[in-house]
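Work through the exercises below with the sequence and the 3D view open. Try each task before reading its solution.

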Amino acid sequence: MLAAGGTRLLQLFLLFVLIQLSSGTAQNTLVTGFALLSSFAIFTDSGGSNYLLQLDEGRLGRRVFARAMGLHVLLAVAGGAAASAITLNARGASHDAAVVTVLLALAVAQTAESTMRTARAPSLHGGRDVAYALPDLVLIGLKGPLVLVALVTGVLPVLAFVAIPSLVLGTVTYLINRRPLRRDVPVQRKLTLTILEYGVSGSLSSFYSQAPLVLGTAVLGVSMMAPLALAFRIVQPLEILPATVSQQLIPRLRRRRFAPVRVWAWFAMTGLVIAAVLALLAVGFSDAVPASFDLVVFLVILTSVPVKFGNYALVATAIGHGLVRSRLVAAAVVGVMTLAAVAAALVWAPSTALPAVTVASELFLLVTLSGLLHRRTETAKVIA
């Protein structure tokens, strides 16, 4: 978890360098594009990692692993291309050669690093948490110096080289985790559809939180969305904490049941403490932030953090208990509600209403998913 947190700090450092080495339309384009790449990495997650983690160890073989990896790579490439296209075609976007080159390099790096989550999933089956965290540590050691060189030299195109360590490390991670897997494990019927079921539920779950940024950029352009994009890119790395812990809980939840309310409370309290610290820092250093930073937008986004952290626990509970379809139903309901709210916000007051939609959507998911989990739990008790 500490290693994963380190990679998110590296992402924040990269964001800081992007801001320092750009200004005006170039800065708006890079900040918004960087945030959209993160959003689409979540949208296009195939579900391969969660699928592999919920398998019994005896059912995880090379062919299953290869199928999960192939799906993830295909969707991750499509997501990176979509994010880049939306950014560069948005109103007010910069088409300077250096800006475009760096943005495309960031898309390649994001694709490789996203795929690495699925590539290292087998290491958790044997309880090898250190092996799971090692790629993050190596990534920090390889990528960090490149970002530092760009900052020291003041040369923006240096950041185009960050794609190289991500690609190399992603490939090596896949080969290392593939080696110990058995060749003779049969592939279940409709494997691709089963994996995609996890991915679709994850995509729908992320749609509600990413829709304000994605749709806002497509409709309003990069200059108006830069403050929201910057707030998203600062806050989103925090999600590595609940995402990593909840993912590691999935195999354990299959063996021991935890009370969903208690797990949600643990996660939510952690999010509350982190959000409070960030709010104090933002208010204290408000005079030293870039022009694209909006304190009000940032504080509104921070109010969603405790609920978002708690919702990660609820999703892990659903997956661990085999209730993937309950998660899918909840995500679909919340997605429809969020889409309507975003449409209204774009018409009414985009700059203030779009951040509020993020908070409302997290509350929608909390109510919907907890209700479904409660109903399934009560049904199971009656059947038993």
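This is a predicted model: local features need pLDDT of at least 70, side-chain atom pairs count only at pLDDT 80 or more; totals for chains, interfaces and linings use all residues.

**Exercise 1. Is Leu 74 buried or exposed?**

Solution. 
Step 1. Apply the cut-offs: buried means under 20% relative accessible area, exposed over 50%, and partly exposed in between, with a 1.4 Å probe and protein chains only.
Step 2. Leu 74 has a relative accessibility of 59%, so it counts as exposed.

Residues are numbered from 1 along each chain as its sequence is written, and side-chain values use heavy atoms, with hydrogens and water left out.

**Exercise 2. Classify Arg 62 as buried or exposed, and list what Arg 62 is in contact with.**

Solution. 
Step 1. Arg 62 belongs to helix H4, which spans residues 62–89.
Step 2. Its relative accessible area is 14%, so Arg 62 is buried.
Step 3. Contact means heavy atoms within 4.5 Å. Setting aside neighbours within four places in sequence, Arg 62 is in contact with Arg 178, Arg 179, Leu 181, Arg 182 and Arg 183.

**Exercise 3. Which residues have the most contacts inside the largest nonpolar core?**

Solution. 
Step 1. Define the term: a nonpolar core is a set of buried Ala, Val, Leu, Ile, Met, Phe, Trp, Tyr and Cys residues joined through side-chain atoms within 4.5 Å. In soluble globular proteins, nonpolar side chains tend to be buried together.
Step 2. The largest core has 60 residues, and Leu 18, Leu 106 and Leu 159 have the most contacts inside it. Helix H2 (residues 24–43) gives the most to this core, nine residues.
Step 3. Take Leu 159 as the example: not counting residues up to four places away in sequence, it touches Leu 14, Val 17, Leu 18, Val 102, Ala 105, Val 147 and Ala 150.
Step 4. There is also a second, separate core of 34 residues, which includes Tyr 208, Val 307, Ile 319 and Leu 373.

**Exercise 4. How many salt bridges does the structure hold? Describe three of them.**

Solution. 
Step 1. A salt bridge is a side-chain nitrogen of Lys or Arg within 4 Å of a carboxyl oxygen of Asp or Glu. The structure holds four.
Step 2. Lys 143 bridges to Glu 113, with the closest N and O atoms 2.6 Å apart. Lys 143 is in helix H7 (residues 129–153) and Glu 113 in helix H5 (residues 97–119), 30 residues apart, so the pair links distant parts of the chain. Lys 143 is buried at 2% relative accessible area, and Glu 113 is buried at 14%.
Step 3. Lys 308 bridges to Glu 239, with the closest N and O atoms 3.7 Å apart. Lys 308 lies in helix H14 (residues 305–320) and Glu 239 in the loop between H10 and helix H11 (240–253), 69 residues apart.
Step 4. Glu 362 also forms a salt bridge with Lys 308, the closest N and O atoms being 2.5 Å apart. Glu 362 is in helix H16 (residues 350–383) and Lys 308 in helix H14, so this pair ties together parts 54 residues apart in sequence.
Step 5. Glu 362 has a relative accessible area of 0% and is buried; Lys 308, at 8%, also counts as buried.
Step 6. Put together, Glu 239, Lys 308 and Glu 362 are linked in a network of salt bridges.

**Exercise 5. What lines the second largest cavity?**

Solution. Step 1. On a 1 Å grid over the protein atoms alone, a cavity is a set of points where a 1.4 Å probe fits but cannot get out, and lining residues have an atom within 4 Å of a point. A volume is the space filled by probe spheres set on the points, which are joined across faces, edges and corners.
Step 1. The second largest cavity has a volume of about 70 Å³.
Step 2. Its lining consists of Ser 209, Gln 210, Phe 232, Val 235, Gln 236, Glu 239, Ile 301, Ser 304, Lys 308 and Thr 358.
Step 3. H9 and helix H10 (222–235) each supply at least two residues of this lining.

Note on methods: On a 1 Å grid over the protein atoms alone, a cavity is a set of points where a 1.4 Å probe fits but cannot get out, and a pocket is an open set with protein on both sides within 12 Å along at least five of seven lines; lining residues have an atom within 4 Å of a point. Helices (H or I, at least four residues) and strands (E, at least two) are DSSP runs, numbered from the N terminus.
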